[in-house]
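Biologist: Can you walk me through this model? Keep it short, please.

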Amino acid sequence: MAITTNKQLKAFTESLLDGDTIEVDYFYNLLDVARVKVEAERNWKALEKEDTSQTASVGDTFLTTKTLPTDFASAIELFTARSDGSGELSYSPIAFKKRYFHRNSSRRFWIDYANGTFGLTGKTSESRTIHLIYKRTSTALSDSQTWSFPSRFWPILGFMVAAMIKAGSDYDQGNINQAVQQRTDAKELWDACQEWDSELRLAEMGHSYGINASTDSDGIPEAGAEDSFDLGQL
């Protein structure tokens, strides 16, 4: 039976524990630990989002702060454009502590994670919309809030929760052996999830390494090639 609700996911997890019932709050606490572990592993396409609520204005300086989205986890890309979407200008990330050093550099951006803000260096001659492409944090799971990943991958969380219980509060040698197997099962499904994510990335590039990218004699993108793809993310 396909798992499409958190109630079904809980029942699946309990079946891995030989039918032992998991207290509801405890289940969701562990489920969220598993969710965060998975989401922290890479810039999943399922968590990619765009914010266009901020504007680069003529009077801005390198210390002018813009507010990050409340669900911001990390930046993927930032560019500005006119209100009609034309004149796209890409910005490169710099360290927060280097913002003074790059205060006059054009098209750089820094992030103040502690205060949930970011800023742009250099000047703009016109008001432009800031397009921030970022990895978002997903919402904590509950009876009514399901995971934002496709439901076919939800058992990953169930396997992880079961392994946490067997190797933790229910520790004994028999449970440890089962936990090892459950982690193996989770890893196989995890590999399939990463393959799905990689396919989404390749589809965006027309199943090529890059767009307008310089390549070497083997057809591999050269370092710094425009719009090249980070093969380490595959």
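Predicted model: local features only at pLDDT ≥ 70, side-chain atom pairs only at ≥ 80, totals over all residues.

Biologist: What is the strand order in the open sheet?

Modeller: The order is β1-β7-β3-β4-β5-β6-β2, seven strands with mixed pairing. Strands here are DSSP E runs of at least two residues, helices are H or I runs of at least four, and both are numbered from the N terminus. Two strands pair if DSSP finds at least two bridges between them.

Biologist: Which strands stand at the edges?

Modeller: β1 (48-56) and β2 (66-67) do. Each has a single partner strand, so one side of each lacks a neighbour in the sheet.

Biologist: Parallel or antiparallel for β4 and β5?

Modeller: Parallel, over two bridges, with β4 at residues 89-93 and β5 at 108-112. P93 has F109 in β5 as its bridge partner.

Biologist: New topic. Which residues have the most contacts inside the largest nonpolar core?

Modeller: L31, V38 and F149, in a core of 29 residues. α3 (155-167) is among the elements giving two or more residues, and its seven residues are the largest share. A nonpolar core is a set of buried Ala, Val, Leu, Ile, Met, Phe, Trp, Tyr and Cys residues joined through side-chain atoms within 4.5 Å. Buried means under 20% relative accessible area, exposed over 50%, partly exposed in between, using a 1.4 Å probe and protein chains only.

Biologist: How many aromatic pairs are there?

Modeller: Eleven. W44 and W190 are edge-to-face, 5.5 Å centre to centre with 80° between the planes. They sit 146 residues apart, W44 in the loop between α2 and β1 and W190 in helix α4. W147 and F149 are stacked, at 4.2 Å and 5°. Rings of Phe, Tyr and Trp (its six-membered ring) pair if their centres lie within 6.5 Å; planes under 30 degrees apart count as stacked, over 60 as edge-to-face, the rest as tilted.

Biologist: And W44, buried or exposed?

Modeller: Buried, with a relative accessible area of 0%.

Biologist: Last one. What is the phi of D18?

Modeller: Near 60°, a positive value in a residue other than glycine. D18 lies in the loop between α1 and α2 and is exposed at 61%. R107 also has a positive phi, near 55°, but is partly exposed at 37%.

Note on methods. Residues numbered from 1 in each chain as written. Heavy atoms only, no water.
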